[in-house]
Amino acid sequence: MKVIREKQVPQGQVVRLVHGNITKSNVEAIVNAANAQLRHGGGVAGAIARAGGPTIQAESDAWIQKNGLVTHQAPALTTAGDLPCKHVIHAVGPIWGEGNEPQKLATAVGSALQLADQWGFRSLALPAISTGIYGFPKDQGAEVILNAIVDFYERNTETSLKRIEITLIDEPSVAIFAAAMDKRWEQGL
């Protein structure tokens, strides 16, 4: 796990870009780039389910049975099984081409951060939601995700969430997010 960028928002919280495996993040909760059915087969979701063990899928199945499908506005929460964190927030981002993708991605990220705040989490790691198999262009996704984080902090100045880490495993994505982060902070918050 290597911190590539670390920026502060005016309220004092820290936003980090981390190159590494999200399943090894030293945070209270991680965000899973989930599908609406919480079937954790491939991509980030599959990696989280494999590293966390069967508990995550079992709790996800129970969540779906009780609450129905997960939406952009309402992520699911499970424990983290064998992962070093304590919880997994399952956020559903948009599939590129379904329409209104930037707003849906911003909603998915904002809703995950809101849920983390409701639970009093102090630290959170999230992946580049929707920019993998869901096809959202990485450069646009980076801007949307960073803006959603900054917007969350502007609206929630007293949040428990003191540190958010965007944790990415592949170097091309890290480079794109680093450039987007530099641009966002240069433009001012």
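Visitor: At what angle do helix H4 and helix H5 pack, and which word describes how they lie to each other?
Guide: In this predicted model, H4 covers residues 138-155 and H5 covers residues 171-186. Their axes are 9 Å apart and the packing angle is about 50°. Angles from 65 to 115 degrees count as roughly perpendicular and those under 35 as roughly parallel.

Visitor: Is the crossing of H4 and H5 left-handed or right-handed, and which residues of H5 take part in the contact?
Guide: The crossing of H4 and H5 is right-handed. On the H4 side the contact uses Lys138, Asp139, Gly141, Ala142, Glu143, Ile145, Leu146, Asn147 and Val150. By class, this contact has nine nonpolar, three polar and five charged residues. The H5 residues are Ser173, Ile176, Phe177, Ala180, Met181, Lys183, Arg184 and Trp185.

Visitor: How are H3 and H4 oriented to each other?
Guide: H3 spans residues 101-118, and its axis is 9 Å from that of H4. The two helices pack at about 40°, and their crossing is right-handed. Angles under 35 degrees would count as roughly parallel. H3 and H4 are therefore oblique.

Visitor: How many nonpolar, polar and charged residues are in the contact of H3 with H4?
Guide: H3 contributes Pro102, Leu105, Ala106, Val109, Leu113, Gln114 and Asp117. H4 contributes Gly141, Val144, Ile145, Ala148, Ile149 and Phe152. By class, the contact divides into 10 nonpolar, two polar and one charged.

Visitor: What is the volume of the largest pocket, and which residues lie nearest its centre?
Guide: The volume of the largest pocket is about 540 Å³. Its lining has 31 residues. Those nearest the centre are Ala33, Gly43, Val44, Ala45 and Pro127.

Visitor: Which element gives the most to the lining of the largest pocket?
Guide: Strand S3 (29-34), helix H1 (43-52) and strand S7 (163-168) each supply at least two lining residues. With four residues, the element that gives the most is H1.

Visitor: How many residues in the lining of the largest pocket are charged?
Guide: The lining includes 14 nonpolar residues and 14 polar residues. The number of charged residues in the lining is three.

Terms used
Residues numbered from 1 in each chain as written. Predicted model: local features only at pLDDT ≥ 70, side-chain atom pairs only at ≥ 80, totals over all residues. Heavy atoms only, no water. Axes fitted to C-alpha atoms, helices over the stretch in contact; angles between N-to-C directions. Left-handed = near helix turned anticlockwise from the far one by under 90°. Contact = heavy atoms within 4.5 Å. Nonpolar A, V, L, I, M, F, W, Y, C, P; charged D, E, K, R; others polar. 1 Å grid on protein atoms, 1.4 Å probe; cavity = no way out; pocket = protein on both sides within 12 Å on 5 of 7 lines; lining within 4 Å. Points joined across faces, edges and corners; volume = space filled by probe spheres on them. Parallel < 35°, antiparallel > 145°, perpendicular 65-115°, else oblique.
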